[in-house]
Amino acid sequence: MSQQGPILVVSTAKRLSFAAALDVARLFPVVESGWADAARAVEQVQPAAVLAGADAAGLAELAVRVAARQPYLPLIAVDPQTPVPDNVIPFFQSQIPHAQQGGSDRLAARLRAALRVRSLHATVMRRLAPAAPMALSHIDPARDATVLLIGRGGAYPALSVALGERTGVVGALSIEAAAKHLNVRDIDGIVLGEGFSLRVVDAFLTVLTEDARFRNLPVVVTAGDLAPGYDLPNLEIVSGDAVQVAAIGLPLIRQHAFEAHLSRTLKAIDADGLIDARTGLLTPEAFERDFASAIYQTQQRGGGLSVARFAFDPEHPRAQFDGARIISRLMRQMDFGAAQDDGSVVVVFAEADLKSAHAIARRLSSVMRHTSHGQRDARSEPTVTVATLLPNDSVKSLRSRLQDDAQRAAS
């Protein structure tokens, strides 16, 4: 990845150790500034990223200034003493045993991961036509991000509450359950709580390191004795309480959710705007056109076609969004679907009779059963209705039958 501009280092010290670390990692040029000149330096230097020391008052002011920049300007706070603003990435170098891995390596890796998000944002901005504002501030973790919480024991409920107040949470009481969630869901961060031996934690982190899909995920581990000698740029080891764990993890989780949104937006651009960037499914307009075409072609050449409606609890607004993401990720390549205005998701199963469609729909809905406590949550379970194409069906009659079946199921 090419360097996109200078790195601005803001601190009260004459020459902070992490500034020297950037030289070692060959991330340069490095421009240094005091807090009094920080805002002016951001304007004049046009940095690709900002690294800041632990000045709480100055950091809050700088965070506001940096948040307005386009494309995304990463702001990393080194060893912050207080909770950081939402758009500030924390980095703790004091925990690093130098025998394991130097803090400079980890800081450079954290910075490179953030710069990749900046590059992606710049690409999306360049390709988006008509141009539209898109910023990290548009990402609300409570609406857009999902955290995988793994753990057992007394701290688990507190972590579940602390995270659940700010973001979506999927719970796993075992490493095996966590692995299943990672393979079928869009996860924006992992919090690994207590209840596992160091050997198990080490094995899990090693697997994440070796799988390119998960290497850049934010991972917060609450096991205090573990040394962060892993190739995971967004790994933090936190020994504080649940509120501290959430405060440290959430800025990283939000950055990952922004990156995922940018990736989906790029796919939507590649698909000429036919894909909804938020869900990964078709836009409603593209869905209606493809639905009519699929019915016509099936009736012309023969074969089967079925449609399923996943209706979610309107009092649980994230359910439709999470369900749509899961369907987008797991449905067969030949199938297509879209989120509907009434809070449901409708999916067309090509070459599927009623029995096959029921089986596919059951598999999809079974993945949606989750809660932050690792048990089934009725609010996340959709009511599923399935209808199959009859010889004289139109789009209107098939949808009408699906709607009638849904009303009967609901009553």
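## Strand pairing in the sheet

Two strands are taken to pair if DSSP finds at least two bridges between them. In this predicted model, strand β1 (residues 7-10) and strand β2 (residues 30-33) meet that criterion, pairing in the parallel sense over 4 bridges. Strand β1 also pairs with strand β3 (residues 49-52), again in the parallel sense and over 4 bridges. Specific positions illustrate both pairings: V9 stands opposite E32 in β2 and opposite L51 in β3, while I7 stands opposite A49 in β3.

In a regular strand the side chains alternate between the two faces of the sheet. In β1, I7 and V9 point one way and L8 and V10 the other way, and all of these residues are buried.

## Sheet order and helix packing

The open sheet contains 5 strands in the order β2-β1-β3-β4-β5, with parallel pairing. Strands β2 and β5 (89-91) are at the edges with a single partner strand each, so one side of each has no neighbour in the sheet. From one strand to the next, the twist averages 25°.

Helix α3 (residues 56-67) packs on this sheet and touches β1, β3 and β4 (75-78). The direction of α3 makes about 165° with that of β4.

## The surroundings of V117

V117 lies in helix α4 (residues 103-127). With a relative accessible area of 1%, V117 is buried. Leaving aside residues up to four places away in sequence, V117 touches Y72, Q255, F258, E259 and L262. V117 and Q255 are 138 residues apart in sequence, yet their C-alpha atoms are 7.9 Å apart in space.

## Salt bridges

The whole structure contains 17 salt bridges. One of them joins the side chains of D144 and R278, at 3.1 Å from N to O. D144 lies in helix α5 (residues 141-144) and R278 in the loop between α9 (242-270) and α10 (284-301), so the pair ties together parts that are 134 residues apart in sequence. D144 is buried, at a relative accessible area of 6%, whereas R278 is partly exposed, at 29%.

A salt bridge also forms between R329 and D186, whose closest N and O atoms are 2.7 Å apart. This pair links distant parts of the chain, with R329 in helix α11 (residues 318-330) and D186 in the loop between α7 (175-184) and β8 (189-192), 143 residues apart. R329 is partly exposed at 33% relative accessibility, and D186 is partly exposed at 28%.

Terms used: Residues numbered from 1 in each chain as written. Predicted model: local features only at pLDDT ≥ 70, side-chain atom pairs only at ≥ 80, totals over all residues. Heavy atoms only, no water. Buried < 20%, exposed > 50% of the residue type's maximum accessible area, 1.4 Å probe, protein only. Helix = DSSP H or I, 4+ residues; strand = E, 2+ residues; numbered from the N terminus. Axes fitted to C-alpha atoms, helices over the stretch in contact; angles between N-to-C directions. Contact = heavy atoms within 4.5 Å. Salt bridge = Lys/Arg side-chain N within 4 Å of Asp/Glu carboxyl O.
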